[in-house]
Amino acid sequence: MIVYQDERLVIFQSDLYQTNTTLFDGGDFILLVDPNWTANEVYYIKSFVKQQHAGKPVYLLFTHSDYDHIIGYRAFPGAKVIASERFAGRVDKDRILREIYTFDQQHYISRDYPIEYPEVDILIQQDGMQVTIKSETFSFYHAPGHTDDGLFTIIESAGIFIAGDYLSDLEFPFIYHDESAYLETLAKVDLILQKHPIRILVPGHGRYLKDQNAEIIKRKQRDQSYIEDLIKSVRTSEIFPLENYLGQFLFADGLRDQHSKNEEHIRKSIG
Ligand SMILES: [Zn+2]
């Protein structure tokens with residue numbers, strides 16, 4: 001389903017976890033971010049690209065390596081792939097592919113393309129690295145914490161900020177990697193908003209924000225507080241105000257399990 005469309009940007013949203021696929025029209029190329037989820041949804045995106053952008057080179061950007069974000073990779077053969085160096089260097093690619101396999105098995109999903117881990121053509125190495133494709137400049141920032149290989153991407157001319165699995169209205173932080181790294185990544189959001197004229201935020205899941213940078217800051221602060229409060233409660237055995245946080249989310253009961261995992265993660269890392 002298309003949830004946003006203007007001259008240069010289309011946001012498709014899956015029924016599953018409201019996962020977003022971003023399509024940016026660079027004029028003489030297109031950039032597609034994390035095409036997902038089900039076979040029909042990926043097919044719809046592919047058909048849209050074929051109809052609207054026939055013949056243009058396709059660049060695929062992967063915000064991070066979680067299986068739901070790389071699931072559509074081979075539906076776009078010949079595309080050039082952009083991702084972080086860590087994304088390319090993972091040693092647990094088989095685990096991620098198994099998650100896709102298991103998902104498709106459990107949901108009886110047949111795909112008309114093979115499932116593979118993305119081969120990266122354009123590696124993002126330094127924080128703040130810029131890449132120019134045709135006449136368009138992209139700025140990239142490392143965004144670890146959720147996973148260790150995340151990226152923030154800014155499409156300069158259009159003021160588009162693609163955040164991967166950060167800054168969602170539907171989720172508090174899912175800490176798979178590291179809580180301190182997560183806080184550092186959130187702190188980068190201020191720098192990004194100061195340095196780049198951001199007009200639209202596209203998170204990995206949930207509602208985009210157009211001309212609402214104050215709302216971006218609110219999501220960021222909410223996530224900072226969540227992590228800081230959780231660290232504090234693990235350290236001091238103070239009760240964590242879980243219901244206060246859950247009350248801010250539409251699918252609160254769906255988040256309880258992840259909260260327990262976050263708590264467990266921090267408990268282990270604090271030791
Ligand atoms: Zn993720």
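Reader: Which strands do the buried residues of helix 1 pack against?

Author: Happy to start there, with a note that this is a predicted model, where local features need pLDDT of at least 70, side-chain atom pairs count only at pLDDT 80 or more, and totals for chains, interfaces and linings use all residues. Residues are numbered from 1 along each chain as its sequence is written. Helices (H or I, at least four residues) and strands (E, at least two) are DSSP runs, numbered from the N terminus. With contact taken as C-beta atoms, placed from the backbone, within 7 Å, the buried residues of helix 1 pack against strand 2, strand 3 (20-25), strand 4 (30-33) and strand 5 (58-61).

Reader: Which residues of helix 1 are buried?

Author: A residue is buried if 20 or more other C-beta atoms lie within 10 Å of its own, exposed if 12 or fewer, and partly exposed in between. On the face turned away from the buried side, helix 1 carries the exposed residues N40, S47, K50 and Q51. The buried ones are E41, V42, I45 and V49.

Reader: What is the bridge partner of I2 in strand 2?

Author: Two strands pair if DSSP finds at least two bridges between them. Strand 1 and strand 2 (residues 9-13) pair in the antiparallel sense over three bridges. Within strand 2, I2 has as its bridge partner F12.

Notes. Contact = placed C-beta atoms within 7 Å.
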